[in-house]
Amino acid sequence: MDFRNKTPKRRSNHKTETDYHKYKDDLREDFYCRCGYCDDHDFFRSTDYQIDHFVPKTQLKTINLTDYSNLVYSCRSCNRHKWNKWPTCVESISNDGQKGFIDPCDSEYDKQFSRNKRGEIVPITPLGVWMWKALNLGNPAHSLVWKLEKIYKKISELRTILATYPENAENYKKLSLLVDSLMFFLEQQRGGKPIF
Ligand SMILES: [Zn+2]
């Protein structure tokens, strides 16, 4: 299975802000509400999502701290594990083919991983293996979020099918309540708001 459906795309010519935290909403939109590194949707813990500097702050020489093109919408787990890792120690070289990182907005990033049936991220290249370890992409929380998203989509499908049934159909009310309560549990993670 593909690692993810869409490669995030940063908007170009973003207005420069003095504080990079101000970019969070725009980054969230450009990354489709997903962590650039693990592709987890932020519905489960949106307040935990952070702004990662792709070239870490400690390696910046010509890139500005507030340069939008160096920022990644990231879950706490990936941001914490990436931290200051930058094995090439050269600002302009993100990897040597074996070690280092690929910008999540580069479609090459998608080619480093796949997904198994359990939604776990599987590295498929040597560089993918290195990033998988560096970012702790084997964290079981990632497959859990992947599964919750699938469950959410299935319940949404069920709700759509149910809407085509006449209200006096057998078990309609029972099924309807069941679907609503399942959806309620998932939407609680977003303060009652729909996930997509
Ligand atoms: Zn992540």
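Predicted model: local features only at pLDDT ≥ 70, side-chain atom pairs only at ≥ 80, totals over all residues.
Residues are numbered from 1 along each chain as its sequence is written, and side-chain values use heavy atoms, with hydrogens and water left out.

Back to E17, then. Its salt-bridge partner is K15, with the closest N and O atoms 3.4 Å apart; by salt bridge I mean a side-chain nitrogen of Lys or Arg within 4 Å of a carboxyl oxygen of Asp or Glu. K15, at 58% relative accessibility, counts as exposed.

How many salt bridges does a search of the whole structure find? The search gives 15. One of them joins R4 to D110, at 2.7 Å between the closest N and O atoms. R4 sits in the segment before α1 (24-30) and D110 in helix α3 (residues 107-110), so this pair ties together parts that are 106 residues apart in sequence. Helices here are DSSP runs of H or I with at least four residues, strands are E runs of at least two, and both are numbered from the N terminus. R4 itself counts as buried, at 6% relative accessibility. There is also a network of salt bridges that links R11, D26, E29 and D30.

Now the domains. The assignment, which is automatic or from a database, gives domain 1 as 20-139 and domain 2 as 143-190. Taken over C-alpha atoms, their centres are 33 Å apart. Where they meet, 13 residues of domain 1 are in contact with 8 residues of domain 2, contact being heavy atoms within 4.5 Å.

The area buried between the two domains is about 1100 Å², and carbon and sulfur atoms give 59% of this; that is the accessible area, with a 1.4 Å probe, that two parts lose on being put together, summed over both. Which residues of domain 1 lose the most area to domain 2? They are F43, F44 and R118, together 53% of what that side buries.

Between the domains the count is 1 salt bridge. The side chains of R34 and E149 meet in a salt bridge, 2.5 Å from N to O.

Let's move on to helix α5 (residues 140-162), where we find T160. T160 counts as exposed, at 54% relative accessibility. A polar atom of its side chain lies 2.9 Å from the backbone oxygen of S156. R159 in helix α5 and D180 in helix α6 (residues 172-187) tie together parts that are 21 residues apart in sequence, through a salt bridge of 2.9 Å, N to O. R159 is partly exposed at 33% relative accessibility, and D180 is partly exposed at 37%.

Last stop, strand β1 (residues 50-53), which holds D52. Is D52 buried or exposed? At 2% relative accessibility, D52 counts as buried. Its side chain joins that of Y37 in a polar contact of 2.5 Å, meaning a pair of N or O atoms within 3.5 Å; within protein, one must be able to donate a hydrogen and the other to accept it, and residues adjacent in sequence count only if both atoms are side-chain atoms. Leaving aside neighbours within four places in sequence, D52 is in contact with residues including N70, L71, S74 and K82.

Methods:
Buried < 20%, exposed > 50% of the residue type's maximum accessible area, 1.4 Å probe, protein only.
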